[in-house]
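Dear colleague,

Please find the structure below, handed over to you for your studies. My notes on what was found in it follow.

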Amino acid sequence: PAASAAPGPRPAVDVIAHRGSSGAAPENTLAAVKLAIAHRSDVVENDIQRTKDGELVIMHDTTLARTTDVEQVFPDRAPWNVRDFTLAEIKRLDAGAWFASEFKGERVPTLAEWVNAVGRQAGMLLEPKAPELYPGIETDLDKELRSLPVFDHALRSGRVVVQSFNHPWLRAYKDLAPDVPVGLLFSNKPTEADIAAAATWAQQVNPALGPIDQATVDQVHARGLEIHVWTVNAGQDMRRAIGWKVDGVITNYPQVLRDILQRG
Ligand code: G3P
Ligand code: CA
């Protein structure tokens, strides 16, 4: 469901591909986006960071080490922080072979490449990662997104949300971009007070599935917010979240979730 401030009847659960269809393709690559769409995801999630020369790229970790061959290509550049490499340097890296040889040659996408790859085929759940490491990234993000016609269309269609664990940063971004729906990420169980505070300026409360329960879901809905849970990879956990009537389930296996939703 699109973000909405109004409580009321809620349509089916959104299938949200975590870092793309990252159970079947290397996370946060265009191959993972393509598979997410082939797996009939409603929304594709990503992670965003900034290069040394100010470009926004799709990467989960703050270092390039786990998901690229940076240690081989630049052996003397430890600890391989994203922010210490230019976009041209990052584009030399292989972001697919670590996952499976068939994905050799995948590159780290820019935000613009990622948004254009999703296009009109799915919604977008954007997560600037560790924004405290990148002063002013809220302005860069806003400028970059608004330069993309595909983003404009997604925004007008209610198919974009920006989420973050860094709640003060997210508030600053929301002040800059009040028309963009935002979601607060929680690793722990959000309290009633957290949810009440979120309702004054955000549209979603997005906790880990583990610590929450039916009451959490009901509290979020009672405040007129949506709740999208992560990262739900086991079928029994998907069924539990669906039974609680969450609005979205974020998973590495969107094809499994889609199958469960269709078969009941
Ligand atoms: O979408 C929520 C989830 O992505 C948060 O955790 O570490 O995978 O970014 P992480
Ligand atoms: Ca994420």
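Helices (DSSP runs of H or I, at least four residues) and strands (runs of E, at least two) are numbered from the N terminus.

Please note that this is a predicted model, in which local features need pLDDT of at least 70 and side-chain atom pairs count only at pLDDT 80 or more, while totals for chains, interfaces and linings use all residues. Residues are numbered from 1 along each chain as its sequence is written, and chains are lettered from A and ligands numbered from 1 in the order in which they are written.

Helix α9 itself spans residues 214-222, and its buried residues are T216, V217, Q219, V220 and H221. A residue is buried if 20 or more other C-beta atoms lie within 10 Å of its own, exposed if 12 or fewer, and partly exposed in between, with C-beta atoms placed from the backbone. Against which elements do the buried residues of α9 pack? Their partners are α8 (192-198), β8 (204-207) and β9 (226-229).

V150 counts as partly exposed because it has 16 C-beta neighbours inside 10 Å. Beyond its neighbours within four places in sequence, V150 is in contact (C-beta atoms, placed from the backbone, within 7 Å) with V115, N116 and G119. N116 is 34 residues away from V150 along the chain, yet their C-alpha atoms are separated by 6.4 Å.

As for the whole protein chain, its secondary structure comes to 11 helices and 10 strands. Of its 264 residues, 46% are buried. Among contacts with a separation of 6 or more, 58% join residues 24 or more positions apart. The C-alpha atoms fill a box of roughly 55 × 40 × 35 Å along the principal axes.

The UniProt annotation "domain: GP-PDE", from an unreviewed entry, covers residues 13-261; such annotations may be inferred rather than shown by experiment. Over residues 13-261 the chain is 35% helix and 16% strand, and the end C-alpha atoms are 8 Å apart.

Finally, which residues are around ligand 1? They are H18, E45, D47, H60, E127, L185, W230, T231 and I250, each with its C-beta atom, placed from the backbone, within 6 Å of the ligand.

Yours sincerely

Methods. Two residues are in contact if their C-beta atoms, placed from the backbone, lie within 7 Å.
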